[in-house]
Amino acid sequence: MPIKSKKTLTSKGVRMMMDAALAKAAELGITVTVAIADDGGHLLMLERMEGGRFHTVHSATTKAVTAASNKRPTSSKGAQGQELDVLHALGLTLAAGPQNWTAMEGGYPVMVQDECIGGIGVAGGDWQQDEEIAKAALTAVGAP
């Protein structure tokens, strides 16, 4: 059949992810911005915690979009997971558009039964804190 069923994030699931992420950030004592996008990179929810730096809005959103697009965590590797030097990472960002690709850690795909249904991006902590916050959000909806 030329039509396939598709899993999607619900509003309830997005809220559960956001609540878990903000709770983890508060537990860590940091202020972050969290962005959650659908599998097409369209923003579903964004929250910048009180006191969060304004530039983290763009960083978190781009991390969520990149993770959903590549179906893997964001990093300085290319779309196929290949190693990139700084020049190539910057070139890829410019070619894809700075709103569509980033080499910064902190973005994770939302995977359910090997299907990518979205992405989450966290910005404001160091890369390990961003990762911990994103993983708490994914765990909240059973998509670790």
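Mentor: Of the 144 residues of the protein chain, 44% count as buried, where buried means under 20% relative accessible area, exposed over 50% and partly exposed in between, with a 1.4 Å probe and protein chains only. The model is a predicted one, in which local features need pLDDT of at least 70 and side-chain atom pairs count only at pLDDT 80 or more, while totals for chains, interfaces and linings use all residues. Residues are numbered from 1 along each chain as its sequence is written, and side-chain values use heavy atoms, with hydrogens and water left out.

The protein chain holds 4 helices and 4 strands, arranged from the N terminus on as α-β-β-α-α-β-β-α; these elements are DSSP runs numbered from the N terminus, helices being H or I of at least four residues and strands E of at least two. Among contacts between residues at least 6 apart in sequence, 63% join residues at least 24 apart, a contact being heavy atoms within 4.5 Å.

The strand to examine is β1, residues 33-38. Since 6 of its 6 residues are buried, β1 is largely enclosed by the rest of the structure. Both of its faces are covered: Thr-33, Ala-35 and Ala-37 are buried on one side, and Val-34, Ile-36 and Asp-38 on the other.

β1 has two strand partners to consider, where two strands pair if DSSP finds at least two bridges between them. With β2 (residues 43-48), β1 pairs in the antiparallel sense over 5 bridges, and Arg-48 of β2 is the bridge partner of Thr-33. These two strands form a hairpin with 4 residues between them, and Gly-41 in the turn has a positive phi of about 80°. With β4 (residues 115-123), the pairing of β1 is also antiparallel, over 6 bridges; here Gly-121 of β4 is the bridge partner of Ala-35.

Ile-36 is buried, with a relative accessible area of 0%. Leaving aside neighbours within four places in sequence, Ile-36 is in contact with Leu-9, Val-14, Met-17, Met-18, His-42, Leu-43, Leu-44, Met-45, Gly-119 and Ile-120. Arg-15 lies 21 residues from Ile-36 in sequence, and the two are 9.6 Å apart in space, C-alpha to C-alpha.
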